[in-house]
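Welcome! Here is a short briefing to read with the structure beside you. Take a look at the picture, then follow the points below.

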There are 2 protein chains.
Amino acid sequence: MSIFAEMTNADIKYIRSLREKKFRDEYGLFVVEGEKMVKEAMDSSFDVVDVFRKEEIGEEAMSRISTMSSPSPVLAVVRQKHWEMDRDIPEGLYLGLDSVRDPGNMGTIVRLSDWFGVDTVFASEDSVELYNPKVIQATMGAIFRKKVVYCSIPRLCECFVNAGRKVYGTFLDGENIYSKHLEKDALVIMGNESNGISKATAEKVTDRLLIPSFAKGPTAESLNVAVATAITLSEFRR
Amino acid sequence: MSIFAEMTNADIKYIRSLREKKFRDEYGLFVVEGEKMVKEAMDSSFDVVDVFRKEEIGEEAMSRISTMSSPSPVLAVVRQKHWEMDRDIPEGLYLGLDSVRDPGNMGTIVRLSDWFGVDTVFASEDSVELYNPKVIQATMGAIFRKKVVYCSIPRLCECFVNAGRKVYGTFLDGENIYSKHLEKDALVIMGNESNGISKATAEKVTDRLLIPSFAKGPTAESLNVAVATAITLSEFRR
């Protein structure tokens with residue numbers, strides 16, 4: 001019998017408390033689940049504080065600490081990282097998230113940033129918290145490889161503009177992204193799910209882009225922000 | 001006082017039953033919520049069977065029939081449509097979903113198909129049900145404008161191949177999508193979330209595509225199927 005077999009109610013309560021932002025903030029910890037994610041955490045520069053395996057703690061304890069509908073075989077408690085803004089931002093492709101609120105979108109965008117080799121993701125302070133369990137799951141492990149810096153997006157844009165660098169954003173009245181020349185050194189802004197890019201940020205954008213619709217009817221919808229990010233990053237990298 | 005004020009428990013039970021596929025199938029109905037979605041349903045060729053407004057039925061009844069965390073002001077019961085395969089499939093861009101299981105992905109793909117002017121979406125019989133409430137919400141209204149035909153995807157591919165038409169699919173060993181010439185008349189196959197395109201379908205694909213990663217590290221992840229669909233359709237249309 002493993003030493004973990006006697007998991008106490010206090011242990012369980014402490015792990016379950018990490019489902020709430022308040023306690024994640026207080027302890028500076030977060031939870032990842034599943035063989036693949038836990039392995040990625042252990043192989044990364046993140047500090048893995050605890051690992052709980054179903055065969056050690058038992059099915060019942062695992063079902064109490066797991067948030068999955070069918071409890072995962074393994075769950076880890078990991079220490080949060082918080083990145084500061086670098087003094088100098090080297091040449092490269094950067095993403096700025098202006099109030100992205102949906103955890104699934106945020107996680108998908110971090111995953112996309114990894115795929116498309118985005119150097120750093122910047123997110124406004126009112127964007128969804130990186131260590132929200134739904135964000136973590138949606139990153140599919142990219143969270144352990146990508147730097148996400150929370151900061152003021154209008155101020156970040158200003159730094160780029162002052163250095164003569166490009167700041168791109170997508171708007172309804174922008175230039176067709178498929179025909180416009182896109183610089184390799186760039187900050188690309190993605191906006192809020194309902195309201196798009198905020199006024200304060202929009203004022204700093206140097207190049208307004210449009211992803212045109214090819215809909216046949218008159219009533220084509222907007223695009224989901226994660227999907228718009230995919231199309232935009234694909235255009236910058238192709 | 002409106003005639004709806006006296007909504008009976010039986011009415012409520014009947015609407016709530018439509019959360020389950022079994023009853024959606026039995027009645028041939030589905031539910032949409034929110035001003036925008038209900039308006040789109042009413043403006044479409046779909047048959048809207050009933051409309052319930054919060055100000056008519058009261059807050060409590062609405063909170064019982066609504067699936068939203070904050071009950072929407074309006075909810076409609078709509079008759080399902082089921083499309084048959086056309087005898088002739090005219091020239092155009094088509095999507096074939098080979099076992100897409102996640103409702104959010106399915107809904108996002110239908111929304112994307114509307115944006116990129118995909119003529120018809122074909123889905124394998126084991127793909128998620130179109131009238132699942134999570135699919136409906138993720139389509140953001142595109143469900144009322146797009147034809148989704150459930151059919152055998154390998155057989156559909158065969159029809160295209162026999163007519164000398166192109167069938168594209170994304171694979172890890174495909175040709176770079178950014179440099180390959182893409183035909184305007186095409187069937188594009190997207191695969192299952194975990195397993196990709198099935199063997200039976202893969203055998204029928206005429207042109208294997210690859211969305212290359214630009215990740216700097218060695219461990220870049222795969223892409224989510226909705227995001228891969230966005231990038232692929234964007235390349236076909238640009």
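How many salt bridges does the rule find across the interface of chain B and chain A? The answer is four. Keep in mind that this is a predicted model, so every value here is computed from predicted atoms.

**Where the two chains meet**

- Chain B brings 33 residues to the contact, and chain A brings 33 residues too.
- The size of an interface is often given as the accessible area lost when the parts come together.
- Between chain B and chain A, about 3100 Å² is buried, and carbon and sulfur atoms give 55% of that area.
- There are also 19 residue pairs in polar contact across the interface of chain B and chain A, both residues being at pLDDT 80 or more.
- On the side of chain B that touches chain A, the elements giving two or more residues are helix H3 (35-43), helix H6 (103-115) and helix H10 (225-237) of chain B.
- H10(B) gives the most to that side, with seven residues.
- Sorted by kind, the residues on that side of chain B are 15 nonpolar, seven polar and eleven charged.

**Salt bridges between the chains**

- B:Asp119 and A:Lys216 join their side chains in a salt bridge, 3.0 Å from N to O.
- B:Lys216 and A:Asp119 form a salt bridge as well, with their closest N and O atoms 2.9 Å apart.
- This second pair crosses between chains: B:Lys216 sits in the loop between strand S9 (207-210) and H10 of chain B, while A:Asp119 sits in the loop between H6 and S5 of chain A.
- Is B:Lys216 buried or exposed? B:Lys216 is exposed, because its relative accessible area of 59% is over the 50% cut-off.
- A:Asp119, in contrast, is partly exposed, at 27%.

**Salt bridges within a chain**

- Over all chains, the count comes to 40 salt bridges by this rule.
- In chain B, the side chains of B:Arg101 and B:Asp126 meet in a salt bridge of 3.4 Å, N to O.
- That pair links distant parts of the chain, 25 residues apart: B:Arg101 is in the loop between strand S4 (93-97) and H6 of chain B, and B:Asp126 is in the loop between strand S5 (121-123) and helix H7 (133-139) of chain B.
- B:Lys204 and B:Glu158 also meet through their side chains in a salt bridge, at 2.9 Å from N to O.
- In chain A, salt bridges that share partners join A:Lys36, A:Glu40, A:Asp114 and A:Arg145 into one network.

**A closer look at helix H6 of chain A**

- Why is H6(A) described as largely enclosed by the rest of the structure? Twelve of its 13 residues are buried, among them A:Met106, A:Ile109 and A:Trp115.
- The cover over the buried residues of H6(A) includes strand S4 (93-97), helix H7 (133-139) and helix H10 (225-237) of chain A, together with H10 of chain B.
- A:Asp102 caps the N-terminal end of H6(A), with a side-chain oxygen 3.0 Å from the backbone nitrogen of A:Gly104.
- Just after H6(A), A:Gly117 takes a positive phi of about 60 degrees.

Key:
Residues are numbered from 1 along each chain as its sequence is written. Chains are lettered from A and ligands numbered from 1 in the order in which they are written. This is a predicted model: local features need pLDDT of at least 70, side-chain atom pairs count only at pLDDT 80 or more; totals for chains, interfaces and linings use all residues. Side-chain values use heavy atoms; hydrogens and water are left out. Contact means heavy atoms within 4.5 Å. Buried area is the accessible area (1.4 Å probe) that two parts lose on being put together, summed over both. A polar contact is a pair of N or O atoms within 3.5 Å; within protein, one must be able to donate a hydrogen and the other to accept it, and residues adjacent in sequence count only if both atoms are side-chain atoms. Helices (H or I, at least four residues) and strands (E, at least two) are DSSP runs, numbered from the N terminus. Ala, Val, Leu, Ile, Met, Phe, Trp, Tyr, Cys and Pro count as nonpolar, Asp, Glu, Lys and Arg as charged, and the others, Gly among them, as polar. Buried means under 20% relative accessible area, exposed over 50%, partly exposed in between (1.4 Å probe, protein chains only).
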